[in-house]
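Thank you for making time this morning.

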Amino acid sequence: MRRQVDGSVEIVSSPTSGFSAADLTASLRHWPRVFALTLLGVSSAAVRLQPLATATLTRLKRLTVREAPAPGGQAAWPMPVLSSTVGATLQVVDFSCCRGLTSINADLWVHIWPSLDAPAKAALRCVCSAMRRQVDGSVEIASSPSSGCTDADLTAALRRWPRVFALTLLGVSSAAVSLQPLATATLTRLKKLTVREAPGGQAAWPMPVFSSTVGATLQVVDFSCCLGLTSIDAVRSCAQLAVLWIPGCLRVSDLSPLAACGETLEELWMADNEQISSLVPLKACTRLAKLDIRGHFYEHDEVEDLRQACPRLADPSTVEVEGLVHELQPGIPPQRQEFVVNELDEIINRGGIDYLHNIAAAGAIPRLVQLLGPHSTATVQRAAASALCSLAYGHTENQSAIAGAIPRLVQLLGCGSAENVQVASAQALANLAAWHAVNQSKIVASGAVPTLVQLLGPESSEDVQQAAADALSDLAASHADNQAAITAAGAIPALANLLGPASFTHVRKTAAWALHNLAADHAQNQAAISTAGAVPPLDLLLGPDSTAEVQQAAANALWNLAALCVTAADSIPPLVLLLEPEGSSEVVQTAAARALSFLAASHSQNKAAITAAGAIPRLVRLLWPHSAAYVQRAAADVLCQLADNNVDNQADIAAAGAIPLLLELQGPGSAAPVQQAAGATLHHLAAHHAED
């Protein structure tokens with residue numbers, strides 16, 4: 001036993017190791033304030049758990065029971081009876097993997113049900129007849145006819161639990177037989193019916209007949225992606241039908257039965273039902289407000305006629321996201337899930353920041369996270385990770401909402417995953433980490449760094465290397481603890497190796513950015529990067545054979561290394577060449593100028609080398625009015641450092657015509673940072689040149 005005196009620890013017993021029912025009775029009497037009770041090693045629960053029927057535990061909120069290991073299996077036993085005192089306070093009951101458990105105690109659910117939240121209610125399962133049973137109509141009954149739940153089981157369940165309000169049938173493979181009990185059921189409160197087909201090809205079958213009792217109360221009918229469904233005639237008996245889901249039901253062709261629901265139907269979701277050729281029957285549905293017709297090509301006039309008949313009808317494009325998110329539920333075929341996720345990803349990339357919020361608000365994030373699980377195919381996992389990556393991009397609220405996916409994304413980085421899954425997972429982690437300190441810490445705490453470093457190795461493809469380097473770069477950005485952790489995992493030598501000519505251009509660029517972020521304001525990492533031999537390949541990446549993006553990344557990396565590690569003159573000539581107004585983009589010019597500014601400030605001998613390489617006239621040209629403000633500021637900063645305590649440089653800067661340009665930049669037409677940089681440079685120029 002671990003005993004307690006204030007209700008803040010568990011009581012743990014192992015009946016198989018000598019702890020009897022009498023011992024448990026005495027303990028429960030002696031420690032009445034316990035709040036969590038765990039019973040391990042249960043092998044004869046009907047006897048060992050009897051004390052729970054008489055216990056007076058007024059604070060017990062959680063009960064956990066685990067069976068003893070038994071290679072031969074466990075004898076059958078029911079859930080223990082609970083005293084009224086225990087039942088009145090219990091909020092969590094956990095009998096996970098108790099193979100001997102044969103039934104649940106209905107009184108137990110009556111007591112604890114009001115205390116459970118919606119996700120907890122939705123997650124309840126009962127092991128009896130493959131059903132989830134209910135006692136107050138607030139949970140689903142779910143059966144899988146293809147896995148042993150027969151018509152007789154379903155009939156008995158529907159008779160025993162007449163107050164059920166939501167019925168879900170999963171794995172339907174012979175609907176004409178498996179759904180027959182619905183024709184005779186007397187469910188007086190059933191409002192929602194959901195049916196999902198078993199994987200694989202399906203023989204044709206019509207929507208099941210509903211009894212008059214069922215039809216009188218049904219409001220939502222969901223047959224999403226039931227490929228075998230051929231007709232919806234049964235809805236004629238649904239007097240209160242408000243929502244019908246039949247997307248992906250490719251054999252349904254006739255909407256005329258919906259005329260019987262003309263005064264109640266508000267939503268019809270029928271995306272990609274290619275056999276439906278006419279919307280005319282829907283004119284009778286005057287209350288129709290949402291219509292999802294993705295994948296259909298109707299004449300403009302036909303859609304406009306429907307709008308006239310249904311004045312509440314929203315633009316179909318506005319319901320597209322809601323329809324797609326709905327199809328991310330369990331039970332939808334993997335091929336359809338992959339298609340839907342890719343459609344969402346395309347919408348995100350096409351629609352921009354507004355769609356990031358709208359898709360998240362529609363409930364996509366938890367469903368996409370669920371699709372990362374081991375039950376999904378690799379193609380679905382890749383698509384889900386890619387969609388989460390897009391949702392996280394530049395959206396702090398979504399980054400926080402997706403944080404629960406981090407452990408699973410880290411798992412998907414492992415060698416057991418397909419290459420495209422590894423790439424999508426690393427990219428998602430990168431976007432989750434970008435400028436989000438909390439997520440940066442969570443990702444590192446989840447053990448991502450060693451795996452990401454391993455993915456930088458030569459055995460990985462270039463796409464995997466780039467995604468891993470990108471994730472490490474975002475993890476290191478402005479996060480000192482992560483910078484140290486990434487370095488400790490051996491990332492710097494691996495990143496340095498990726499700078500060489502054997503790597504692809506996009507891999508070199510990403511590796512340079514990662515080194516830039518690792519070096520930022522971190523002297524130990526700067527020294528480690530220099531020791532790893534990263535500076536010479538960075539110098540080479542500044543050359544004319546590199547793309548502008550690679551040059552920018554390399555120049556920025558050298559900028560952060562200049563303060564401590566760059567003492568040789570090899571970096572200076574290529575950096576100076578990047579200052580050419582006609583030869584480089586403005587972002588490259590700015591990156592090169594910043595690196596030169598740090599070189600000049602940190603090492604006095606570099607000033608002469610920078611001047612000798614022809615930097616001054618190039619920098620002066622960058623002060624001209626046609627340059628962007630951030631370029632002008634960067635150029636002025638370099639000139640300021642070159643002029644500081646260097647009379648020769650001061651004279652050369654003045655001779656190059658810098659003073660009139662700096663005076664102009666100091667005026668009211670310039671931004672404050674530009675004014676400050678120009679003023680500082682003029683101050684140094686005037687220090688030893690009174691005539692200036």
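**Aromatic pairs and a helix contact**

Let me begin with W269, which counts as buried because its relative accessibility is 0%. Please keep in mind throughout that this is a predicted model, so that every value I quote has been computed from it.

For orientation, the chain has 34 helices and eleven strands, and of its 692 residues 52% count as buried. If we take the contacts in the chain between residues at least 6 apart in sequence, 66% of them join residues at least 24 apart.

How many aromatic pairs does a search of the whole structure find? The search finds three, and I will discuss two of them, starting with W205 and F223, which form a tilted pair at 6.1 Å centre to centre, with 45 degrees between the planes. W205 sits in the loop between β7 (192-197) and α8 (212-217), while F223 sits in the loop between β8 (220-222) and β9 (243-245), and the pair therefore ties together parts of the chain that are 18 residues apart in sequence. Both W205 and F223 are buried.

The other pair brings us back to W269, which is stacked with W245 at 4.4 Å centre to centre, the planes being 10 degrees apart. Here too distant parts of the chain are linked, since W245 belongs to strand β9 and W269 to strand β10 (residues 267-269), and the two are 24 residues apart. Is W245 buried or exposed? With a relative accessible area of 8%, which falls under the 20% cut-off, W245 is buried.

Let me now turn to the helices. In general, two packed helices are described by the angle between their axes and by the distance between those axes. Helix α33 (residues 658-665) packs against helix α34 (residues 672-687) at an angle of about 140 degrees, and their axes are 8 Å apart. That angle makes α33 oblique to α34, because roughly antiparallel would require an angle over 145 degrees. As for handedness, the crossing of α33 and α34 is left-handed.

Which residues make this contact? On the α33 side they are I659, L662, L663 and L665, and on the α34 side they are V674, Q675, A678, T681, L682 and L685.

Conventions:
Residues numbered from 1 in each chain as written. Predicted model: local features only at pLDDT ≥ 70, side-chain atom pairs only at ≥ 80, totals over all residues. Heavy atoms only, no water. Phe/Tyr/Trp six-rings, centres within 6.5 Å; stacked < 30°, edge-to-face > 60°. Helix = DSSP H or I, 4+ residues; strand = E, 2+ residues; numbered from the N terminus. Buried < 20%, exposed > 50% of the residue type's maximum accessible area, 1.4 Å probe, protein only. Axes fitted to C-alpha atoms, helices over the stretch in contact; angles between N-to-C directions. Parallel < 35°, antiparallel > 145°, perpendicular 65-115°, else oblique. Left-handed = near helix turned anticlockwise from the far one by under 90°. Contact = heavy atoms within 4.5 Å.
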